[in-house]
Amino acid sequence: MLLPQEIAAPVTPSGTLPAAESTTDSASVLIPTESTGTATAPEVEPATLALMGVALLLLGLLQIPAGRFAAAKLLDRARQPSKSFLWRDLSGVIFAFLIGQIFVRQLVLWRHPDFQDFSEIGTVETLVLTAVGFMAPCAYILAAAASRPGGFAAVGVNAATPGYRLTFSTVRYLAGLPMFMGLAVLSGLFMTWLGEPDAKQEVAMMIRDGLLDAPWVILLFVVVVVPLLEEILFRGFLLEIVAGTFGRTAGVLVSSAAFAIAHGAAAALPIFGLAIILSLVKLQTRSLGACWFVHGLHNGGTTFLLWISTLVPVT
């Protein structure tokens, strides 16, 4: 099944930060050397990395109450999550998603009869197929929103996003970056503890390799197309339907967990942190455009770091 993949954590060629080259006794951080232009890996004790990760996580968590306070002062009074969507819509979205994945699978087998792995068909085609697989559930969500009172307001596409909401959302994202980075560090240590120090997000590494061949097409899909489809599904629909029934906290946790699981085990923790930020942006701005902008900003920044990593040989 082709699932949406994200660029997970900046950024070493092994796909984890910063324990990607760690051993059972220590973890490593890659740094360039002046004499050779390549990267070496000085050892860093896991305990030191764990403390660093926890400190970054706690620092990032401070943005949650700070953002709530700032939202109350700077934005319009927040509305409660909409109840425009019905729980039967969840079954419809899941069914549409499965149909989309089956269609993508058959399309791949038609074009590549000997298909074994998506790494065989190239980065651009994989991104196109990812987008195609999401179109059916997103179309269902928008059709359901069009047929319900306040449906488009629930998704967050009822009006243009004012610039001050984009500014608030960007600052909120930047303030939450320490949480994302701390979870990335802890994720690397956890995968090392599981005996998989080289665990990586496959699509992130495929994007890194594909940037040399079609950078602008990859940027279009990674920064614009895929984030839009993911935001419609996870923040425009799943967050709203859960929060409207069980409250905002449940909505944030459930939608963020689903978003993280969809991106694979190697990236689950940092992506969970990113999803929390995006969910809070949606709830406070009531704007899908603000979430889309922040999501694209994140993907663009990490794609840039992936491109930088292609310029530094690693030993």
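Trainee: At what angle do helix α3 and helix α4 pack, and how far apart are their axes?

Mentor: Picture a line through each helix, then look at the angle and the gap. In this predicted model, α3 (residues 87-111) and α4 (residues 123-146) pack at about 155°, with axes 9 Å apart. Angles over 145 degrees count as roughly antiparallel, so α3 is roughly antiparallel to α4.

Trainee: And which hand does the crossing of α3 and α4 have?

Mentor: It's a right-handed crossing. As for the residues where α3 and α4 touch, 15 are nonpolar, 4 polar and 4 charged.

Trainee: Okay, let me try another pair. How do the axes of α2 and α6 cross?

Mentor: Read it just as before. The axes of α2 (residues 63-74) and α6 come within 10 Å, crossing at roughly 170°. That angle makes α2 roughly antiparallel to α6.

Trainee: Which residues make that contact?

Mentor: From α2 you have Q63, I64, G67, R68, A70, A71 and L74, and on the α6 side there are Y164, F168, R172, A175, G176 and M179. Sorted by class, this contact of α2 with α6 holds 8 nonpolar, 3 polar and 2 charged residues.

Trainee: I've got my eye on G163. Where is its place?

Mentor: G163 belongs to helix α6, which covers residues 163-193. Its relative accessibility is 46%, so G163 counts as partly exposed. Also check who sits across from it: G163 and A290 are 127 residues apart along the chain, yet their C-alpha atoms are separated by 9.2 Å.

Trainee: Now the inside. How many residues does the largest nonpolar core have?

Mentor: To read a core, ask who belongs to it and who makes the most contacts there. The largest one here has 55 residues, and F85, I141, I207, F234 and F237 have the most contacts inside it. Helix α8 (residues 215-246) is the top contributor to this core, giving 12 residues.

Trainee: Which residues does F237 touch?

Mentor: Leaving out residues up to four places away in sequence, F237 touches F85, D89, L90, V93, I141 and I232. There's another core lying apart from the largest one: it has 5 residues, including V104, V108, F115 and I121.

Trainee: Let's zoom out. How many helices and strands are in the protein?

Mentor: You'll find 11 helices and 4 strands. Of the 315 residues, 50% are buried. Finally, take the contacts between residues at least 6 apart in sequence: 79% of them join residues at least 24 apart.

How values were computed:
Residues are numbered from 1 along each chain as its sequence is written. This is a predicted model: local features need pLDDT of at least 70, side-chain atom pairs count only at pLDDT 80 or more; totals for chains, interfaces and linings use all residues. Side-chain values use heavy atoms; hydrogens and water are left out. A nonpolar core is a set of buried Ala, Val, Leu, Ile, Met, Phe, Trp, Tyr and Cys residues joined through side-chain atoms within 4.5 Å. Buried means under 20% relative accessible area, exposed over 50%, partly exposed in between (1.4 Å probe, protein chains only). Helices (H or I, at least four residues) and strands (E, at least two) are DSSP runs, numbered from the N terminus. Contact means heavy atoms within 4.5 Å. Axes are lines fitted to C-alpha atoms, for helices over the stretch in contact, and angles run from 0 to 180 degrees between N-to-C directions. Angles under 35 degrees count as roughly parallel, over 145 as roughly antiparallel, 65 to 115 as roughly perpendicular and the rest as oblique. A crossing is left-handed if the near helix is turned anticlockwise from the far one by less than a right angle, and right-handed if clockwise. Ala, Val, Leu, Ile, Met, Phe, Trp, Tyr, Cys and Pro count as nonpolar, Asp, Glu, Lys and Arg as charged, and the others, Gly among them, as polar.
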